Amino acid sequence: MIKISRPLSKGIYVRHRLFEQLDHLRNNPVIWVSAPAGSGKTILVSSYIENVRIPCLWYQLDGGDGDLATFFYYMGQAAAKAAPRKRKPMPLLTPEYLQGISTFTLRYFEELYRRIKVPSLLVFDNYQEVPDESPLHEVMHTALSNIPEGVNSIVISRKAPPSAFIRLQANQQMDILKWEEIRLTEEEARGIVNLRSKKLCTPEMMHHLYTLSDGWAVGLVLLSIVVKRENVAPEIMAALASEEVFTYFMCEIFAHLDQKTRHFFLTTAFLPKMTVNMAEELTGNSAAGDILRYMVHNNFFISRQFHTNPVYEYHPLYRTFLLSRGRETLTHETAAGIQRRAAEILEREGQTEAAVSILRDIADWEGMVRIIM
């Protein structure tokens, strides 16, 4: 059963740098692994377990786990797989326990911890699938607050920890492995590409692959596949990678957003770098700051650098996707209007090259000449 089975990690690049970090982070009972979709989080944890040869209970969360009875049913299946010698099944969450869910959870996990070996790992994958309002967050807080010595839990998510888990961090029971640490180094990128094709590992090709993927594992793999298949020069790989990369972004990120958030993405993509004020002026959305902070906090392919004011910048491949999507979905007049406003804002903020580039795209030669002169 996939839901309670650890994914295979054969034939992958082993990231010893992060294995050492996980070893260190296991000084605390809980580790939260947080990074964007396609960053290699699940493969990292699975390969770590294989490398250290530690028993594990693996549980893949999905939308159905919002129903606590479903969660405890499958946890019982996972427990039976992790401790097959224990023939007595774990208890089911039946209606009479619902009024005392905290006590039931405490007793349930006390029994689970007695059954599994020490040391062991409990892995909860895809935690971002749990709805924000789900009672499962409090159940998980109760369960993980009482982990015995020698047992650790790793929670894998695209998002930052919910408030229930922040309490674990405040009590020094949880550490976080963030996107900044998980992002591939150039050496790791070369190792991954080398597993697929040694011919692609020339200095020039690796420079383009790494710069464009910006340490994002799936982006690097998709780009290397396209380059190998099409045998193209590195300078044009981004254009030819559009189908594979854009399909990934569409299915994993964009399709799940509401219409207002999509429009915010498409509009602000015309700004190569932006402050909150720039995004607010361009979109007319007074909540721009909250949206940008939420996007960074939950790994929506955007980074934040702290200067006098925080400066936000989309991942290069994601920005290329957004600009392409904007050309497909916005009318010519709407897009041109947004681009002119973006150019005005960029010019005023001293980003003149970016302003000229936008005006060139919409053939506003008069505006270009004025800035250049």
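**Note on the predicted model**

1. Overall make-up. The chain's secondary structure comprises 19 helices and seven strands. This is a predicted model. Along its principal axes, the C-alpha trace spans about 80 × 50 × 35 Å.

2. The chain has 373 residues, and 48% of them are buried. Take the contacts between residues at least 6 apart in sequence: 71% of these join residues at least 24 apart.

3. Helix 4, length. This helix covers residues 101–115, 15 residues in total. From first C-alpha to last, helix 4 reaches 21 Å. That is close to the 21 Å expected at 1.5 Å a residue.

4. Helix 4, buried face. The buried residues of helix 4 are Phe104, Thr105, Tyr108, Phe109, Leu112, Tyr113 and Arg115. Viewed down the axis of helix 4, they fall within an arc of 160 degrees, so they line one face of the helix. The cover over these buried residues includes two strands, strand 2 (56–60) and strand 3 (120–125). It also includes helix 3 (68–82) and helix 5 (136–144).

5. Helices 17 and 18, geometry. Helix 17 spans residues 332–348, and helix 18 spans residues 352–361. Their axes come within 8 Å and cross at roughly 160 degrees. Angles over 145 degrees count as roughly antiparallel, and helix 17 and helix 18 are therefore roughly antiparallel to each other. Their crossing is left-handed.

6. Helices 17 and 18, contact. Helix 17 contributes Gln339, Ala342, Ala343, Leu346 and Glu347 to the contact. From helix 18 come Thr352, Ala354, Ala355, Ile358, Leu359 and Asp361.

Terms used. Residues are numbered from 1 along each chain as its sequence is written. This is a predicted model: local features need pLDDT of at least 70, side-chain atom pairs count only at pLDDT 80 or more; totals for chains, interfaces and linings use all residues. Side-chain values use heavy atoms; hydrogens and water are left out. Helices (H or I, at least four residues) and strands (E, at least two) are DSSP runs, numbered from the N terminus. The expected span of a helix is 1.5 Å times one less than its number of residues. Buried means under 20% relative accessible area, exposed over 50%, partly exposed in between (1.4 Å probe, protein chains only). The arc is that of the directions from the helix axis to the C-beta atoms. Contact means heavy atoms within 4.5 Å. Axes are lines fitted to C-alpha atoms, for helices over the stretch in contact, and angles run from 0 to 180 degrees between N-to-C directions. Angles under 35 degrees count as roughly parallel, over 145 as roughly antiparallel, 65 to 115 as roughly perpendicular and the rest as oblique. A crossing is left-handed if the near helix is turned anticlockwise from the far one by less than a right angle, and right-handed if clockwise.
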